[in-house]
Amino acid sequence: MGQEPTINLPSSSSFSAGRVRSSPVTLAAQGFANYAGKKKSDYKRILISRIADECMICQENDDDVVLVLELPQNDPLFMRKKKLLDDKGFALKIHAPLKCSSVPTLDQLNDFSNRLIQQARIINYDEVEIYFNGDSASDYSNPRNELQALNYLLEAIDNSLSGDKHMMKNIMQNLRDEIVDRIHKVGSRFGEELEFVGCSNTDKEKCLLDWSVNNGARTNLDIAYIEGAGRGAIATQDLKVGDIALEIPVSIIISEELVHESNLFHVLNEINGISTETMLLLWCMREKYNKNSRFILFFETLPEKFNTGLSFGVDALVTLDGTLLLEEILQAKEHLRVQYEELFPALSDLHPDVFPPDLYTWEHFLWACELFYSNSMKVFFTDGKLRTCLIPVAGFLNHSVCPHVLRYGRIEASTHTLRFPLSRACHAGEQCFLAYGKFSSSHLLTFYGFLPQEDNPYDVIPLEFDNLKDEDCEDGRIATEVPTHMVRGTWYSKDHGIFQYGLPSPLLDILRRAGNPNWQSSVITKEILETELIVLRDLKCTFQDMMDALGDENVDDRASWDVKLAIEYKNLQRRILSSILTSCGTGFELVECELLKCTS
Ligand SMILES: C[S@@+](CC[C@H](N)C(=O)[O-])C[C@H]1O[C@@H](n2cnc3c(N)ncnc32)[C@H](O)[C@@H]1O
């Protein structure tokens with residue numbers, strides 16, 4: 001089993017590097033929390049990318065173009081974002097250097113849109129982005145967040161275009177075109193090539209699609225087999241930003257209402273503390289074998305095996321030795337086992353007609369948990385309730401770090417449907433990707449059974465400090481309970497110069513202050529440079545220990561699916577650690593050079 005390394009730092013501080021998420025989940029069908037602004041204790045798997053209450057208002061003021069950006073007060077990162085905006089001199093009310101009465105030059109429009117985008121980025125930052133990019137909003141490293149920020153601006157511009165006042169229409173239309181162009185650029189950087197799209201045996205999928213359409217679904221997607229990802233959804237025609245890729249009526253969404261209508265409910269309702277998600281999971285375990293089920297076509301398309309980290313065999317677990325993922329998988333599985341044993345065989349013994357023992361085995365329970373972890377979505381219904389659901393057809397959408405569909409998860413009151421609108425264009429024949437959530441690769445492997453092919457900005461290594469205190473606790477960083485400090489692949493950083501080295505500023509700063517309480521960024525003295533060397537040396541030692549714990553590189557072309565995934569995961573960890581070690585090493589040389597200049 002992987003051990004969390006601990007090192008001693010200067011001034012007798014110590015920190016350990018390790019995953020924060022270690023407390024047990026309380027509900028069978030809930031996933032682990034992710035890092036991006038979620039509480040450590042909140043283990044709910046949230047697929048809803050953003051609640052659409054936040055918007056930007058655009059106003060006219062005689063001849064001035066004035067935009068008002070809204071930073072919602074209830075944003076958990078409000079104080080930190082506000083401070084970032086203030087530090088950069090960004091006001092939420094922006095007087096554009098444009099006049100309604102004159103045609104703006106291209107340069108003017110460019111400058112203005114650059115400024116708007118930087119502000120939108122900050123407003124849309126999550127915990128990870130703030131931590132790594134807090135100092136600079138001039139570029140982006142996370143395509144998902146960039147798409148979110150650009151779509152936020154687009155929505156505001158569209159609102160202004162549909163308003164009564166038309167004076168600004170031209171300017172706004174130009175701005176809109178510019179933002180759409182930026183969205184295309186983000187998408188084209190991450191254009192995914194389908195290795196193979198086949199229609200080998202899509203009979204069941206076709207039947208489900210037809211059934212959904214006959215029941216009111218609208219789709220611009222077809223289902224196909226995709227190398228390495230099972231089924232996926234392919235655009236049937238060119239779809240642009242804002243188009244609806246898929247629309248599913250509430251009537252075919254599988255949610256807790258179905259449990260209420262079944263004979264499981266009166267038994268389960270008597271159990272203290274059982275969640276509606278667990279009830280729905282138990283309902284699905286039985287419904288899957290109900291030949292008369294209204295959802296038979298849905299259940300028939302589900303895989304017999306899910307192949308997530310929860311189904312890893314012994315060899316794969318052994319391969320994961322030295323990683324924190326091993327602990328995560330073992331804990332998650334243990335938790336599920338406890339959940340199962342709290343319910344079974346007791347329920348089957350007491351109510352064998354409602355819970356037939358042959359359907360409620362541990363293997364079937366684990367299958368259902370994997371189904372919910374990898375396929376369920378949280379949806380806001382029109383009654384204001386958030387429900388965990390299984391959604392026919394939408395369940396074929398695969399995940400990407402640069403998704404087409406970002407904002408979904410709220411039932412449209414006027415149509416009683418769940419819409420999947422595009423946040424970036426998807427051309428006919430291209431695979432349409434969904435944003436599952438802001439998940440690390442370890443989370444995706446454990447609960448979904450895959451690793452993204454592209455770099456994943458949420459692959460962070462959290463760092464826990466025992467004795468070090470952040471100075472600016474009032475900015476909300478501590479209060480969010482996500483890891484206070486972390487590292488990720490340094491290839492994301494644009495600044496590898498002295499005092500930065502591609503490493504996050506908050507981490508460097510806290511270590512510097514631990515080594516030298518008088519540390520000040522504005523003065524470069526011999527003492528400051530010596531502190532720098534100590535910080536870099538200690539960081540290098542810590543990450544070298546982690547690298548050593550991973551052992552030698554494993555290669556096995558004939559390995560089983562789970563061992564292959566475990567090897568791939570370990571290689572990813574090696575790549576991240578290696579980039580950090582290189583940055584520390586190069587940084588060390590830079591500081592030594594500077595120190596030589598100081599002393600000569
Ligand atoms: C909601 S389902 C998507 C449809 C799924 N591909 C299928 O055939 O049923 C989620 C599962 O799809 C697969 N998946 C999703 N995104 C993927 C990706 N980017 N690469 C590989 N597999 C992916 C994983 O097996 C995951 O558990």
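## Annotated span

UniProt, in an unreviewed entry, lists residues 219–437 as "domain: SET". UniProt positions follow the numbering used here, feature names are shortened, and annotations may be inferred rather than shown by experiment. The end C-alpha atoms of residues 219–437 are 23 Å apart, and the span is 33% helix and 17% strand. Helices (H or I, at least four residues) and strands (E, at least two) are DSSP runs, numbered from the N terminus.

## Basis of the model

This is a predicted model, in which local features need pLDDT of at least 70, side-chain atom pairs count only at pLDDT 80 or more, and totals for chains, interfaces and linings use all residues. Residues are numbered from 1 along each chain as its sequence is written.

## A four-stranded sheet

An open sheet of 4 strands runs in the order β7-β10-β15-β14, with antiparallel pairing. Its edge strands, each pairing on one side only, are β7 (218–219) and β14 (411–412). Two strands pair if DSSP finds at least two bridges between them.

Antiparallel strands β10 (residues 244–249) and β15 (residues 417–421) are joined by 5 bridges. Leu 246 is placed opposite Phe 420 in β15.

## Asp 495

Asp 495 sits in the loop between β18 (485–487) and α16 (505–515).

Leaving aside residues up to four places away in sequence, Asp 495 touches Gln 500 and Gly 502. Contact here requires C-beta atoms, placed from the backbone, to lie within 7 Å. Leu 596 is 101 residues from Asp 495 along the chain, and their C-alpha atoms are separated by 22 Å.

Notes. Two residues are in contact if their C-beta atoms, placed from the backbone, lie within 7 Å.
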